[in-house]
Amino acid sequence: MDLRTLTYIVVGATFALYIGIAIWSRAGSTKEFYVAGGGVHPVANGMATAADWMSAASFISMAGMIAFMGYGGSVFLMGWTGGFVILAMLLAPYLRKYGKFTVPEFIGDRFYSKSARAVAVICLIICSVTYVIGQMKGVGVAFSRFLEVDYDTGLYVGMILVFFYAVLGGMKGITYTQIAQYCVLILAYTIPAMFISLQLTGNPLPQLGLGSTLSGSDTYLLDRLDQVVTDLGFAQYTISERLSTLNMFAYTASLMIGTAGLPHVIIRFFTVPKVSDARSSAGWALVFIAILYTTAPAVAGMARLNLMQTIEPQPGNYLAYDERPQWFKNWETTGLLAYEDKNEDGRIQYSANAETNEMVKIDNDIMVLANPEIARLPNWVIALVAAGGLAAALSTAAGLLLAIASAISHDLLKGMIAPNISEKAELNASRVAMALAIVGAGYLGLNPPGFAAGTVALAFGLAASSIFPALMMGIFSKVVTKEGAIAGMVAGIGVTLFYVFQHKGIMFIPGTAFLGDTPENWFFGIEPNAFGVVGAVVNFAVAFAVSKVTAQPPESVRELVEHIRIPAGAEVAHDH
Amino acid sequence: MSKLTEEQAAAYWKRNLALMIKLLVIWFVVSYGCGILLVDVLNQIQIGGYKLGFWFAQQGSIYVFVALIFYYTRRMAALDREFNVHDDE
């Protein structure tokens, strides 16, 4: 059976599964729609959180980025896992104890102000929308390569599918679909990795294979990799830093606190029955995430080595262009891989020197997707990888859309505009809000063209600088006032957006970067994607300074903080 | 479930914070410490094919993170029982 037919069958089967689950578990009440009824087992919630959390960026892009950055790519590995430690200790149990439906609801109550709640809604929408656009792009890319349709069509198919199961099922449908999606994506990631590890090192566990010797030799895989990349003039794989130590520090910190501050992850912890479940559920989530995240560096290193050895089989002996393998041709047609015969010898000279390098383009994103083809794995594995990439993108998109919809229908509509609407009307409103969010995200996935690419990292910076500090101060301080919290959120998200846009362009439109994307202008050499931690520091500083000069919070807030710190007496998440 | 006095609540919170700080120090040391700041020193040590600093950055820190959360969960469950504020039915 040819690859295309097989891919249609595998992807089609997974989609049928997701839709079947959605129909079986549709939500009938706001409680089911927002928090899945509050009765999800912590291990199941951990698995759903893992799928919710691992996006197209984790599945498709991350190993590719590590493959070309080497050690510097560790910022993603540590940053995107370390955040769960903060979440488990500093946020999840207390927010679960509070027992409400949304993140802005807590901020509004703790800071005794509807304005604070409104500001939190705006921050939540800004970071969730920027993030969901990146997922829509991932869906478009995966469809266009594997189903051989164009990017726009792929995006529309993705939108319709998400619309169907997220709008129908709400949190309940999303939870069970995400569990299925986790199973699909983790198999799709680990099976090819095991095959490749076995081929290269004889050890089927990629985590051990990366530290092993190559099959039939005494040379360690990583030593060989260091040698082949440095021979061609690239930085040594195992020690190449990402710009500077300070930048790596800031980047890791931004991703960690961004992880802990992303509302679609936080609301997953509202679905478990008890406070103690919120703690253990974060642990389970990280276990399921760690399976992929400890495999990723092995995929990265092995894919880089395979790529280098395909292009340069013997030192100084480059592959002839006419003898290039099929996967090379496939990816050339997508434009993600490009060759230019600069010295006209018909061979592929690959080098770190831009003057003589003939591999003029190797997109990061193809490393995971092309990996099974490079390693000559059977077609069903390639089809599974396509289904896995789609599962990763769709599960995250659905979680984000729910966070957006609940902020609009529960916080804006029920909380501020029309407090007396019936439960049924609120449920319908959240479905309409979700549909509108899907259309809006789809539109921004297409226009402006450069926007989707930059959004994922930006979303973390925004969450790190706005929502995370507000939640932290809400739980750990009794003195931060409403004025302080509002000023902090506005200052934090403002300074981060300003810094990113001044270097990357307003809405990433080229030519509107008013300072230019030049490292000389960077604040202490911190790249825009790593700036969230600075925004968070600004948020904390402004909030405490303003709180010093404004009237103290009322006594009821002190009691609220005392209440959330003690686990006993948590009720199922409710809305009054 | 009994209601805590103000002193008991304060004591419970203090114990929670102490545990949290202890674990966050470990969290910081394995990632920012071993993975970033001390990476060059640790890279002098080799375990199998892994340079130790590189291993912490790409593997070890993640394993420690998982262990930290489960340790916290267990210790907090014990603390909750000690103060009789656990939420088991």
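Modeller: Before we turn to the annotations, note that UniProt positions are given in the numbering used here, and that such annotations may be inferred rather than shown by experiment. The model itself is predicted.

Biologist: Which residues of chain B does UniProt list for "transmembrane region"?

Modeller: The record is an unreviewed entry. In the model, one of the listed spans is 95% helix and 0% strand, with its end C-alpha atoms 25 Å apart, and another is 100% helix and 0% strand, with its end C-alpha atoms 29 Å apart. In the order of those descriptions, the spans that UniProt lists are residues 21–42 and 54–73 of chain B.

Biologist: How far apart do the end C-alpha atoms of residues 10–86 of chain B lie?

Modeller: UniProt, again in an unreviewed entry, lists this span of chain B for "domain: Sodium symporter small subunit". In the model the span is 82% helix and 5% strand.

Biologist: What pattern does chain B follow when read along the sequence?

Modeller: Chain B contains three helices and two strands. When these elements are read along the sequence, the pattern is α-α-β-β-α.

Biologist: Is chain B compact or spread out, judged by its radius of gyration?

Modeller: The C-alpha atoms of chain B fill a box of roughly 55 × 25 × 15 Å along the principal axes. For 89 residues the globule rule gives 12 Å, whereas the radius of gyration of chain B is 18 Å, which is well over that value. Compared with a compact globule, chain B is therefore more spread out.

Biologist: What radius of gyration does chain A have?

Modeller: Chain A has 22 helices and two strands, and its C-alpha atoms fill a box of roughly 75 × 55 × 45 Å along the principal axes. A compact globule of 576 residues would have a radius of gyration near 25 Å, and the value for chain A agrees with this, being 24 Å.

Biologist: What percentage of the 576 residues in chain A do buried residues make up?

Modeller: A residue counts as buried if 20 or more other C-beta atoms lie within 10 Å of its own. For the 89 residues of chain B, the buried share is 35%. For the 576 residues of chain A, the buried share is 58%.

Biologist: Which helix gives the most to the side of chain A that touches chain B?

Modeller: In the contact between the chains, 44 residues of chain A meet 37 residues of chain B. Among the elements giving two or more residues to the chain A side are helix H5 (74–98), helix H11 (245–261) and helix H13 (275–311) of chain A. By class, that side has 24 nonpolar, 15 polar and five charged residues. The greatest contribution to the chain A side, 12 residues, comes from H13(A).

Biologist: How many of the 17 residues of H11(A) are buried?

Modeller: At 1.5 Å a residue, the 17 residues of H11(A) should span 24 Å, which agrees with the 24 Å between its end C-alpha atoms. This helix is mostly covered, and the number of its residues that are buried is 14.

Biologist: Is A:Lys424 buried or exposed?

Modeller: A:Lys424 lies in helix H17 (residues 423–446) of chain A. Because A:Lys424 has 11 C-beta neighbours inside 10 Å, it counts as exposed.

Biologist: What is phi of A:Tyr112 near?

Modeller: A:Tyr112 is found in the loop between helix H6 (103–110) and helix H7 (114–146) of chain A. With 16 C-beta neighbours inside 10 Å, A:Tyr112 counts as partly exposed. A:Tyr112 is a residue other than glycine with a positive phi, and the value is near 35°.

Methods
Residues are numbered from 1 along each chain as its sequence is written. Chains are lettered from A and ligands numbered from 1 in the order in which they are written. This is a predicted model: local features need pLDDT of at least 70, side-chain atom pairs count only at pLDDT 80 or more; totals for chains, interfaces and linings use all residues. Helices (H or I, at least four residues) and strands (E, at least two) are DSSP runs, numbered from the N terminus. Two residues are in contact if their C-beta atoms, placed from the backbone, lie within 7 Å. Ala, Val, Leu, Ile, Met, Phe, Trp, Tyr, Cys and Pro count as nonpolar, Asp, Glu, Lys and Arg as charged, and the others, Gly among them, as polar. The radius of gyration is taken over C-alpha atoms; the globule rule is 2.2 Å times the number of residues to the power 0.38. A residue is buried if 20 or more other C-beta atoms lie within 10 Å of its own, exposed if 12 or fewer, and partly exposed in between; C-beta atoms are placed from the backbone. The expected span of a helix is 1.5 Å times one less than its number of residues.
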